[in-house]
Amino acid sequence: MNSIPTDSWHEGDALIIKRVDAIALSIPLKKPVIMAGVRLDISYNLLVRVEAKNGLVGWGEASVAPTMTGDLLPGMVSAVNDHLAPLVLGQNALHRAVLAQRICHGLHHNTGAKCALEAGIADLVGRHLKVGLSDLYGGALRDSITAMYLLGNPRVEDDIAETQAKKKEGYRFFKLKVGIKNPLEEAQAAVQIRQAVGPEVLLCADANMGMDFRSARIFLENTRAADLLFLEQPLRDDDFDGMVALARLSPIGLNADESVSNVAAVIAMARAGSIQGANLKTIKMGGVGATVHAMSVCAALGLNINLACKVAETSVGAATIIHLGCVAPNVNWGVSITNHYLVDDIVKTPIVIDNGQMRCPRGMGHGVEVDEAKVERYRIRA
Ligand SMILES: [Mg+2]
């Protein structure tokens, strides 16, 4: 493990971490979100508040993800309070790369907790240096990105109506949640949506591991007229051979999400020829810096990148993923934020999607200002 450089210029400008708070949040969703095997009515998120001796505060966030990272709120709070915070308390946040390594190696798995703490430190450093996250991580290639809208209604008529309404609002990129019903029925629904919305919008599908090989083959064979950009995670996360076999017969590229919880998995799947893209989430990779690293690896492998918040993170998580989307070299497979699924947000000016576009927040750090009164309103008290 690397040690803090002793002769660093940072010593004269120390940003000492004085306090770390792991805050459990519960915010209701506007309407239930249904995906393979899961129905969500409330979002449970970990918020980490990192305070420096000079009074500056940084914030990081991670959603629970029982069927993705396995992270649950009590464990995430404990991971930060009992294992990760002691690794960074009293340390100079400007050594964020070393602190990120300590966080990464200080505990096995627990990528959500690691992410929230590391993102909080990155936000703190950005505010101290008076730069945005995208400047901290290589610089923005663009200042706005196209938003991908998630569709997951029980009835195709409602998906079509929602798609048409969102198209009028300016959305041009839709992800259909599948792997829930009969694959032929889902394939026909995808074709119906394509026929209803026209050829100019981008449409893709995410099965969240909800298909077996046969179902996935039926879905792929019957969605040619839907002109899907890709199918995401049709099979179980550990079915690497199944993904290779499916890729050989698929007319479209496959995207990996639940299967790629680290960079090694991305490389292995790309080498095996099973994927043309990877869905990167900060909660899987374990932080902002780790996600930037994964983005570079994807670019080197020629993979498309899909960046996403888990359902549903607040504007803190949304702002972070937008900064990453502006830095990513090949974010061709969509960026989705999820704060608009929540009945309320915890920042003073929530992130909005305007005409299907998300502008990179202009402020320092992740660029949104947390409203601590709102945090108290949604805090889960033990
Ligand atoms: Mg997914």
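The dialogue below goes through several features of one predicted model.

Student: What should I know before reading the numbers?

Tutor: This is a predicted model, in which local features need pLDDT of at least 70, side-chain atom pairs count only at pLDDT 80 or more, and totals for chains, interfaces and linings use all residues. Residues are numbered from 1 along each chain as its sequence is written, and side-chain values use heavy atoms, with hydrogens and water left out.

Student: In what order do the strands of the open sheet stand?

Tutor: Strands of a sheet pair through backbone hydrogen bonds, either parallel or antiparallel. Here helices (H or I, at least four residues) and strands (E, at least two) are DSSP runs, numbered from the N terminus, and two strands pair if DSSP finds at least two bridges between them. The open sheet has eight strands in the order 5-6-7-8-9-10-11-12, with parallel pairing. Strand 5 (149-151) and strand 12 stand at the edges with a single partner strand each, so one side of each has no neighbour in the sheet. Inside this order, strand 6 (residues 173-177) and strand 7 (residues 202-206) pair in the parallel sense over five bridges, and Lys175 has Cys204 in strand 7 as its bridge partner.

Student: Which strands give an antiparallel case?

Tutor: Strand 2 (residues 38-52) and strand 3 run antiparallel and are joined by seven bridges. Leu46 has Ala62 in strand 3 as its bridge partner. Four residues lie between the strands of this hairpin, and Gly55 takes a positive phi near 95° there.

Student: Why is strand 3 described as largely enclosed?

Tutor: Buried means under 20% relative accessible area, exposed over 50%, and partly exposed in between (1.4 Å probe, protein chains only). Seven of the seven residues of strand 3 (residues 57-63) are buried, so the rest of the structure largely encloses this strand. Both faces are covered, with Val57, Trp59, Glu61 and Ser63 on one side and Gly58, Gly60 and Ala62 on the other.

Student: Which residues coordinate the magnesium ion?

Tutor: Donors are N, O and S atoms within 2.8 Å of the metal (3.2 Å for Na, K and Ca); water is not among the atoms, so sites may look incomplete. The magnesium ion is coordinated by Asp206 (OD), Glu232 (OE) and Asp257 (OD), at 2.1 to 2.2 Å. Glu232 lies in strand 8 (residues 230-232) and Asp257 in the loop between strand 9 (253-256) and helix 9 (263-272), so this pair ties together parts that are 25 residues apart in sequence. Glu232 is buried at 0% relative accessibility, and Asp257 is buried at 1%.

Student: How many disulfides are found?

Tutor: A disulfide is a covalent bond between the sulfur atoms of two cysteines. The search counts a pair of cysteine sulfur atoms within 2.5 Å, and it finds zero disulfides in the whole structure. For Cys204, the nearest cysteine sulfur is that of Cys309, 16 Å away. The sulfur of Cys309 is 9.3 Å from the closest cysteine sulfur, in Cys115, which is too far for a bond. Cys204 is buried, with a relative accessible area of 0%, and Cys309 is buried at 5%.

Student: Where does Gly334 lie, and what does it touch?

Tutor: Gly334 is in the loop between helix 12 (315-327) and strand 12 (335-336). Contact means heavy atoms within 4.5 Å. Not counting residues up to four places away in sequence, Gly334 touches Met148, Phe173, Ile305, Asn306 and Leu307. Gly334 and Ala147 are 187 residues apart in sequence, yet 6.8 Å apart in space, C-alpha to C-alpha. Gly334 is buried, with a relative accessible area of 3%.
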